[in-house]
Amino acid sequence: MKTQNYQNHRKFYAPHHFIYLPLVIFLQGYGVYKVFGDSDNHLLWILFSIIIFLILYLAVMVRQHYALGLQNRLVRLEFKQRYFEIFNKRSDEVEAKLNFGQIAALRFAYDDEFKILLDKALQERISGDEIKKSVKNWRADEQRI
């Protein structure tokens with residue numbers, strides 16, 4: 001596996017992103033095409049298109065909602081734990097000043113850079129993307145969803 005960095009840190013789930021979703025999108029497109037091209041079964045193709053759209057919508061929304069919600073909670077918990085280990089105090093006050101993007105971005109920095117980037121995020125209000133771009137020694141997160 002390649003070393004993780006800013007350019008390659010996004011993750012795809014091949015069966016979902018490259019097989020299931022393209023297939024459902026194709027079926028949706030085919031259904032819409034048939035709605036306008038098949039006058040004999042017009043209502044049937046409308047129903048088909050509506051059902052495929054609902055399947056596509058539910059597949060995207062439910063999968064993302066649960067996985068990302070859980071992952072966001074874990075990232076916040078990891079931040080709290082890491083902050084406590086480094087500074088030996090609670091992170092509540094600091095965490096309230098950061099948005100989730102900043103908190104999530106800080107996990108890619110090792111402890112020495114974490115301190116610097118955290119201070120920069122608090123003082124200069126740099127975005128999560130700017131924090132990620134500032135990481136010199138990338139701390140890979142191989143276990144994310």
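This is a predicted model: local features need pLDDT of at least 70, side-chain atom pairs count only at pLDDT 80 or more; totals for chains, interfaces and linings use all residues.
# Reading a helical model

Biologist: How many residues does α2 have, and what distance does α2 reach from its first C-alpha to its last?

Modeller: A helix has an expected span of 1.5 Å times one less than its number of residues. With 46 residues, α2 reaches 66 Å between its first and last C-alpha, close to the expected 68 Å. After α2 comes N88, which has a positive phi near 55°.

Biologist: Is Y66 buried or exposed?

Modeller: Buried means under 20% relative accessible area, exposed over 50%, and partly exposed in between, using a 1.4 Å probe and protein chains only. Y66 has a relative accessibility of 59%, so it counts as exposed. Y66 also belongs to a nonpolar surface patch of about 820 Å², together with I50, F53, L54, Y57, L58, M61 and V62. Such a patch joins nonpolar side chains (Val, Leu, Ile, Met, Phe, Trp, Tyr) within 5 Å, or like charges within 9 Å, from residues with over 30% relative accessible area and no salt bridge; the areas come from the Shrake-Rupley method with a 1.4 Å probe, and for residues only the protein chains shown count as cover.

Biologist: Which residues of α2 are buried, and what covers them?

Modeller: The buried residues of α2 are W45, S49, I52, L56, A59, Q71, V75, F79, R82 and Y83, and their cover includes α1 (14–37), α3 (92–97), α4 and α5. F79 is also among the residues with the most contacts inside the largest nonpolar core, which has 19 residues; V94, L98, L106, L117, L118 and I131 are the others in that group. The elements giving two or more residues to this core are α2, α4 and α5. A nonpolar core is a set of buried Ala, Val, Leu, Ile, Met, Phe, Trp, Tyr and Cys residues joined through side-chain atoms within 4.5 Å.

Biologist: With which residue does R82 form a salt bridge?

Modeller: A salt bridge needs a side-chain nitrogen of Lys or Arg within 4 Å of a carboxyl oxygen of Asp or Glu. R82 pairs with D111, their closest N and O atoms being 3.1 Å apart. R82 lies in helix α2 and D111 in helix α5, so the pair ties together parts that are 29 residues apart in sequence. R82 is buried at 7% relative accessibility, whereas D111 is partly exposed at 41%. The whole structure has seven salt bridges, including one between D129 and K133 (3.4 Å, N to O), which both lie in helix α6 (residues 128–134), four residues apart, about one turn of the helix.

Biologist: Where does F108 lie, and which residues does F108 touch?

Modeller: F108 lies in the loop between α4 (100–106) and α5 (111–124), and F108 is buried, with a relative accessible area of 1%. Contact means heavy atoms within 4.5 Å. Leaving out residues up to four places away in sequence, F108 touches Q4, H9, K132, V135, N137, W138, R139 and D141. F108 and N137 are 29 residues apart in sequence, with 8.4 Å between their C-alpha atoms.

Notes. Residues are numbered from 1 along each chain as its sequence is written. Side-chain values use heavy atoms; hydrogens and water are left out.
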